[in-house]
Structures are given as structure tokens and as C-alpha cells.
Amino acid sequence: MTMPLPSSNGHSRQIYATLGDYLRRDPLTLHPEDSLRDDLGLDSLQTIELVYQVESAFDLQIPDDDFGRLQTIGDVVTYLNERTDLTHHQASPIQNPTKQKKSSTNATTKPWSRSNASPK
Amino acid sequence: MAARVVITGMGVVSPIGIGIPRFWKAALRGQSGISAIESFGDLPMEGYRSRIAGQVSSFEPPGPDEDKFFSRVDRYAQMALMAAKEAIQDSGLTIEYERAERLGVMAGVGMGGMIMGERELTNLYDFHKPHRVHPNFIPTITLNSASGIIALAFGAKGPNLTVSTACSSSIHAIGHAMQCIRLGQADMMIAVGADASITPLVFAGFCSLRALATKYQDRPSQASRPFDRGRNGFVMGEGAGALILESLQHATRRKARIYAEVAGYAATSEAYHMVIPKEDGLDIARTMTLALQDAKVHPQQVDYVNAHATSTIVGDEVEVKGLRAVFGKRVGKILVNATKSLIGHTLGASGAIATIASSLSLDKNIIHPTINYTDPDPHCALPGISSKSQKKSLGTALVNAFGFGSNNGVLVLKKFS
């Protein structure tokens, strides 16, 4: 059986943790070949939300031109590894993904009661 | 001949209870849902002229793993969805057996998704990262997110619309839902009203407008006091009310329980002032008269009025002038109450919740008290207003709602026979 978390790369683990957090799934159940649309059932808005979560967690912007590359979990991991290497980004994301809110819109989170003052 | 329209299901999320049984029990015993606002985070509460509200503190929407719809919308639409679920269940409708094209949604919303709105705006200005605005921001703040999510949740493929007329939104939503059925556009309509915008910015805005009650801040349950001499503004509330409207034919065919008939509706404009009602009350009277004409009901037949009565000094007085103009001396024989005395002004939800209270009253021949009516203001005192619940055989009721932007709406409800 394929181990979903390739190598002991801590950065990749954090990427998987971020994806698992959005998908509300144990990161260990995610596989690089999983298609975002066909296997994980994400529609186009949900894919945008997933990318938004990744952008927020790793403090980067993913241009529209790169969007088409992100078809599978593996694509996202590879892409982020490339981007963070290129930008010499710190190994750990700016926000602990496991502490991100579960709601996809976080619509019930009142801004005045947020405990985390950092930007998303 | 246009179809007759009846109410066959109801659901509510209110500061005095979630669910019709709790709401009604609390209403009849005159329970107040007004409490102090704990805080707006770091903002200084002393900067707010009013610091109390009708809050639904026990509201807990299902998480995304339990229900895929709730987490996609703002608090007001979550409340609308919860009320709609209860109403559908109460109606006994089995949605999958119905024709989806004949089921519609009509929502009344005043403010919309302000929690998401304020959060994203704050973050944008604080951190200057436009690319960090949430991708769901636009679908969440658009005023039709409640009607949209309800249509999705129940597979309703008939009309899917939102009426936004500030405080009267859901009276017009119910009226237009009735019209959809009368016009043959639908057999069943989920008519819902909702607002949940007790947020730092919206609340500050109402404070700045000097519309909110500033007295009784240390005794919140006494602050909303329609028709009472001690009133000095409304108390903001949050919540949702939902009603299932059906053609009589459809309801009869499936042997549905009928709470009341929605017999008439009228909408007018005063074309006078954005936030102040015209002092003579004649446009309010005209609206009531038009609604009665629509229902083919004579003013003599009216037993009960659920008043708009927000507890503002001018508003309550003007509404009573309107009642006097329509009913003349007989006004003294009509029972009148104000649901806002219990829960505050739930804005877009208020008309729907008042219609629910009125339908229950027609069904059970009892009206809830107007609490805090302890020192009747001579300018708007009426014999039919009481701080206690009142029992009487009721046949016809009016539900009034007036909104910023100089608009009025009135529904006529009849006991079904």
C-alpha cells in the first residue's frame, strides 16, 4: 500500500496536514494520486477554497496561470515544495494548519471574538 | 379564481427559544429574550449608547460533518436554514415525493451576512492583503444566500427570491410567497425571514442613528416596552422564522394540518422619509385597508393585530393613529400585542416571527402578552393591549410591518374554515 506522506519531509507533512484540515480527513488517508475533483469530490469553488487555505497557511499567492497544474494532491505538494524552495520560504507554515478553523467559510466566527490576531 | 393560500408548517429561531414549542411557551408566559451584549472583543462597550440585544445564545448550527449546507453561509442564513428545516418537518411534507419545480423559496432579509462582511473588511484594512479575502465572501454576503442555501438544501426548483425592505422584509416575503401561489407559479413556498447582525459595525450604526433603547441598560429585560411611556427606542435582536405556504388544494389533498389562511397582503410606500414614519399614520392605515380589501375582509371582522410596535417613541404612536383611522371606535375591542416586547427587533426576521405568533394565536385563541406595558402612554394606549396573555375566540388577524425606506406591509391572516 502506498504511504501517502512521502519521505520524512516535514514540509510535505505540513502540506498534507493543511489539505487534510480543509478536507476534514486524516492526512494519512490522502494519496498523491488522488484527484481533487474525481476522488475528493471538490467542485470548482471548493478547489478555490482549498487553494485559499494553502495560500493562507504558507503565506504565498498562487497565480491563476498555475491553477491548472493543481489536479491531484501530489500536484499540490510538488507545486508547494517548488514554490517554497524558490522563495526560500521558512520550513514551517506561518500558521499551524491543525489549528485552522474547520468551517469552510468560517462564517460563524465573529471577528471581534477571534483569538488569533494574525492575518489568515 | 386565485388559489387560497394556507400555512401548514412553521419553524423559528428566536431569543426566547429555538423551535415553535419553546418559543410559544416562552411567549405566552411573557419571557424576555433581551440580555447584555458580553463584548465586541477589544472595542470599548462604553462607546455604544446601547449595550443590550435579543441574542440567540443557544444557537449551535450543525458542523460541516453533520450537514454540508450550514457551514457555507453566515449566521443569519444558518438560522434561516434551521427554521426552514423545522417548518418543513412540521408541515409533514415529504419533499422527495413532491414536484421540485412546484416548491419555491421566498426570503426576507434586511442586513445579510454581516459577520463575514465585517470580518473580511477588518482583515483587509488591517493586513492589506486583498488576496486573502475569503473566496466565499461574495456568495456569503449577497442578500440571497439564505434563499439560495434553503433551495439547495431542499431541492426547491420553483421561484428562489429574496425581498429586502429593511425591518419589513419578511412580511413582504410572505406576501410575495402568497402571490406566487396565487399566480400559479408554485404549489408550496418556504417563506422565511432572517437577520443576525448584532455585530460591532451594524450595532454602532443603529446606535449612531439613535434608534436603539438607551434606558434600562442595567435591566435588559425591561428595555423593549412598546406603547409604554418609558420606551425610548428599539432593542436589536436576531433570529429567523419560516412558514410553509401551500395552496389550499395541495394542502387538502395531502390532509395537511392548517394553522391559518394567508388571506390578504398589501404593500405601500409613504415616499416621505428614509427612517421616520409620517406622523399622521394615514399611509399605515391605507396599507391595512388595502390588505383587508385584498382579503375581502371588513374592518369589523378583525379581532387581533400583531403590531409592528418597535418601542420607538414616534413609531408606536403613529401605528396607533393608523389603527384608529382604520377601525374607529371599534379599535378598543381589538386585541393588540407586540412580539418585539419579548425578543426585540429581529429586523428581517421580525415579520415572519410575528406571523408565526399570530398564526398560533388564531389556532389556539390566545395572544401573548406585550411585556413591560406597565405605564401606558396615553398617546398610544389601547384597551386591547395587555402585559398579560389574553384569551379570545379569534377569526381574523392583521400583522403589520414597516421598514426604513418609507415602506409598509400588512398581512391578513384568517382562522381556516
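A: Two residues are taken to be in contact if their C-beta atoms, placed from the backbone, lie within 7 Å. By that criterion, and leaving aside neighbours within four places in sequence, Ala242(B) is in contact with Met10(B), Gly11(B), Ala80(B), Ala83(B), Ala84(B), Glu86(B), Ala87(B), Ile190(B), Ala191(B), Val192(B) and Ala352(B). The model is a predicted one, in which local features need pLDDT of at least 70 and side-chain atom pairs count only at pLDDT 80 or more, while totals for chains, interfaces and linings use all residues. Residues are numbered from 1 along each chain as its sequence is written, with chains lettered from A and ligands numbered from 1 in the order in which they are written.

Ala242(B) also belongs to the largest nonpolar core, which has 137 residues, and is listed with Ala80(B), Ile150(B), Ala191(B), Val192(B) and Ala194(B) as touching the most other members. Such a core is a set of buried Ala, Val, Leu, Ile, Met, Phe, Trp, Tyr and Cys residues joined through C-beta atoms within 7 Å, where buried means that 20 or more other C-beta atoms, placed from the backbone, lie within 10 Å of a residue's own. Helix α2 (residues 75–91) of chain B gives the largest share of this core, 10 residues; helices here are DSSP runs of H or I with at least four residues, strands are runs of E with at least two, and both are numbered from the N terminus. Because domain 1 (5–253) and domain 2 (262–414) of chain B both give residues to the core, it lies between them, the domain bounds coming from an automatic or database domain assignment.

The C-alpha centres of these two domains of chain B lie 21 Å apart, and their contact takes 62 residues from domain 1 and 55 residues from domain 2. On the side of domain 1 of chain B that touches domain 2, the largest share, seven residues, comes from α6(B).

Within α1(B), the residues Ile20(B), Phe23(B), Trp24(B) and Ala27(B) are buried. Seen down the axis of α1(B), these buried residues fall within an arc of 90°, so they line one face of the helix, the arc being that of the directions from the helix axis to the C-beta atoms. The buried residues of α1(B) pack against β1, β2 (17–18), α2, α11 (340–343) and α12 (350–364) of chain B. Just after α1(B), Gly30(B) takes a positive phi of about 75°.

Technical notes
Buried ≥ 20, exposed ≤ 12 C-beta atoms within 10 Å, placed from the backbone.
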